[in-house]
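Here is a brisk report on one protein model. Please keep the sequence and the 3D view open while reading.

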Amino acid sequence: MQVSSLNEVKIYSLSAGRSLPEWLSDRKKRALQKKDVDVRRRIELIQDFEMPTVSTKIKVSRDGQYIMAVGTYKPRIRCFDTYQLSQKFERCLDSEVVTFEILSDDYSKIVFLQCGRFVEFHSQHGHYYKTRIPKFGRDFSYHYPSCDLYFVGASSEVYRLNLEQGRFLNSLQTDASESNVCDINPVHFLFAMGTAEGKVECWDPRTRSRVGLLDCALSSVTADTEIDGLPSISALKFDGALNMAVGTSTGQVLLYDLRSSNPLIVKDHYYGLPIKSIQFQHQLDLIISADSRIIKMWNKDTGKIFTSMEPEYDINDVCLYPNSGMLMTANEAPKMNIYYIPVLGPAPKWCSFLDNLTEELEENPESTVYDDYKFVTRKDLENLGLAHLIGSSLLRAYMHGFFMDIRLYHKAKMMANPFAYEEYRREKIRQKIEETHAQRVQLKKLPKVNKELALKLIEEEGEEQQVTRKRKQKNLPSLLKDDRFKVMFENPDFQVDEQSEEFRLLNPLVSKISEKRKRKLKILEELEAQEQEEEEEPEGKASDAESSESSDDEKGWVEEVRKQRKLLRQEEKVKRREKLKEDQQTLLKPQFFEIKEGEEFRSFKDSAKKQKLMKKTLGDRLKLEEKLGTLDVSDTTVGSKQATFKLKKSEQQKKQQEAEKLHRQERKTLRRSASHLKSKRGRGRLFR
């Protein structure tokens, strides 16, 4: 059982863990449970609650006793009995199921809408009847008062099939080109259908006329949403007599009051994926909406997120078990997920032990898996001398590093650096002393790391303050006082390397400016050494001397760039000479090359000839081949040109051809000798 928590809402995944294959014997299963801890600790709420490949739809019967799911491959339906916690029956079908509906309280009456325009009816014993609709269907709803089935799909018509009379009735003619989903209100039986144009049409089944039209595509587009095309309706669900939730193909959920054409709230999933399912949870006034990636639970009044779940595989359908906190999903995987959320409600009667189990887990919270492990990178392993453990069972690869046991990490660290604790202790003491000093009166002081950069920032701040005073603007925050850049002036790893090539090319005048700052730094260090109170000279003392030199700096910018480039070239030349000396000192060893069987070594000149030929143009190569006789170009009667060429034969091919010629000659001689002998025998018989 896996436990996750978001917004302090605990979610228990009851289907987590490995599933045992069906072909294993009971004896082997028991042996695995003894050996493997994961198999022993897993909770199998319903036995074999899975599909062979993929599950597409999942629903619960009205009496709550049966859970039915359809999937592939082969297309089938599986019915699970919750009282027995096992599978009741399994039936294979002729084609894949688009959707299905349970008409009775139990599993005795089921209707399937299949891919090939088929509508299949099943009774308690199995297959009962099969018929077809004119166009491909996408969804259907059952109208209980009149026993009518309403089918919507790739057509502008809504087909009606009356189950009492056993015949099709006059279809409803809509303005839509295609329809994706439909639903019937459980209170006043209003029929609503979502179209591909992003509209919802509402029809009265009594008068067979349209009573309302909602343009959800325009309402779903807000200032924050970004869409590529026109949103179509992908999900539709009624809640009570007046509320209706609509899901779009671009990932928005709109909640409507039927008395208004404007949505009460628009909730975006921010994934741009079509909404697959919408459910209502009445105890906490929540809406559970799901696309193929995430299940979100949010308050229908405020739109505030309650919690969310992201399964490992894509979601096809979501089913909320009535009057409980159990949630089931059909996924793009064999196993169907079961989640239990105690905040939503109690566990169902057939698995009431879940409440006791979750209460015990909350009373005795276990440490998470990562508390006993340490995440280390490859560089950390090299520093600890444990790089040879990569690939072993002691390290588990994760993202850009590895997880290792915390005890092994502490032992390796102690062996690699036995005085690490003493250094850590000294560092902590130093930090405590600095914290106590910080409480005293603060004096302006340059940091230990990147002093020149800090001095530059102080000078720029002084200039900016003068400008802002004149213009009466607000002062901008200082980088030295900003906590985000605090480490840059404390950690020596962030020291600016002024001798690097990038720094010298990007800052051509750095040599002159750095000399001025170095003078300032020397003055400040002398003052600090003289005064015990570590007072710093106020900034801006040497600004008068610098103002006269600013114009000279601008003139010498080009010269300074040239000097830096010359220095870099000289350094590169010195490095090249050193490399040449090293290469001359190293002795060259002879290399041997192996020739393939059937080939002869000619010379290294052949490769040179081939390279010369490849450099020539196509026209020159064609002329050369014409001279050699391997190519023949001639004009045709139509006006185009015809080229015939002979492929060059390798040594092996030549040898094979010679062997074939010899073989043919031998066969000819044998035939001649055989015919000669026959003629002699015939003559001998005549003479006899």
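Predicted model: local features only at pLDDT ≥ 70, side-chain atom pairs only at ≥ 80, totals over all residues.

## Salt bridges between strands and loops

E178 is partly exposed, because its relative accessible area is 29%. Partly exposed sits between two cut-offs: buried is under 20% relative accessible area and exposed is over 50%, with a 1.4 Å probe and protein chains only. E178 forms a salt bridge with R138, and the closest N and O atoms are 3.0 Å apart. R138 lies in strand β11 and E178 in the loop between β14 (167-173) and β15 (179-184), so the pair ties together parts that are 40 residues apart in sequence. R138 is partly exposed too, at 31% relative accessible area. A salt bridge here is a side-chain nitrogen of Lys or Arg within 4 Å of a carboxyl oxygen of Asp or Glu. Side chains of opposite charge can pair when their charged atoms come close.

The whole structure holds 15 salt bridges. One of them joins K130 and D94, with the closest N and O atoms 2.9 Å apart. This pair also links distant parts of the chain: K130 is in strand β10 (residues 127-132) and D94 is in the loop between β6 (86-92) and β7 (97-102), 36 residues apart. K130 counts as partly exposed because its relative accessibility is 26%. D94 is at 64%, so D94 counts as exposed.

## Further charge pairs

R206 and D204 meet through their side chains in a salt bridge of 3.1 Å, N to O. D204 counts as buried, at 14% relative accessibility.

R76, R78 and E90 are linked in a network of salt bridges.

Residues are numbered from 1 along each chain as its sequence is written, and side-chain values use heavy atoms, with hydrogens and water left out.

## The chain as a whole

The protein chain has 16 helices and 34 strands. Helices (H or I, at least four residues) and strands (E, at least two) are DSSP runs, numbered from the N terminus. The chain has 688 residues, and 34% of them count as buried.

The accessible surface of the protein chain comes to about 47,200 Å². Carbon and sulfur atoms account for 50% of that surface. Accessible areas come from the Shrake-Rupley method with a 1.4 Å probe; for residues, only the protein chains shown count as cover. Now the contacts, meaning heavy atoms within 4.5 Å. Among those between residues at least 6 apart in sequence, 45% join residues at least 24 apart.

## Backbone points to check

Two cis peptide bonds deserve a look. One joins T72 and Y73, with omega about -10°. The other runs from Y73 to K74, with omega near 15°. Y73 lies in the loop between β4 (66-72) and β5 (76-81). K74 lies in the loop between β4 and β5 as well.

Where do residues other than glycine take a positive phi? D48 has a phi of about 55°. D48 lies in the loop between α2 (37-41) and β3 (54-60). At 30% relative accessibility, D48 counts as partly exposed. C147 has a positive phi of about 60°. C147 sits in the loop between β11 (137-143) and β12 (148-153), and C147 is partly exposed at 23%.

## Surface patches

A patch of positive charge on the surface gathers R562, K563, R565, K566, R569, K573, K575, R576, R577, K579 and K581. K563 is found in helix α13 (residues 557-585). K563 counts as exposed, at 51% relative accessibility. Patches are made of residues with over 30% relative accessible area and no salt bridge; like charges are joined within 9 Å, and nonpolar side chains (Val, Leu, Ile, Met, Phe, Trp, Tyr) within 5 Å. Lys and Arg count as positive and Asp and Glu as negative, while His and the chain ends are not counted. The place of a charge is NZ of Lys, CZ of Arg, CG of Asp or CD of Glu.

L613, L624 and L628 form a nonpolar patch on the surface, with about 250 Å² of accessible area together. L613 is found in helix α14 (residues 605-615). L613 is at 31% relative accessibility, so L613 counts as partly exposed.
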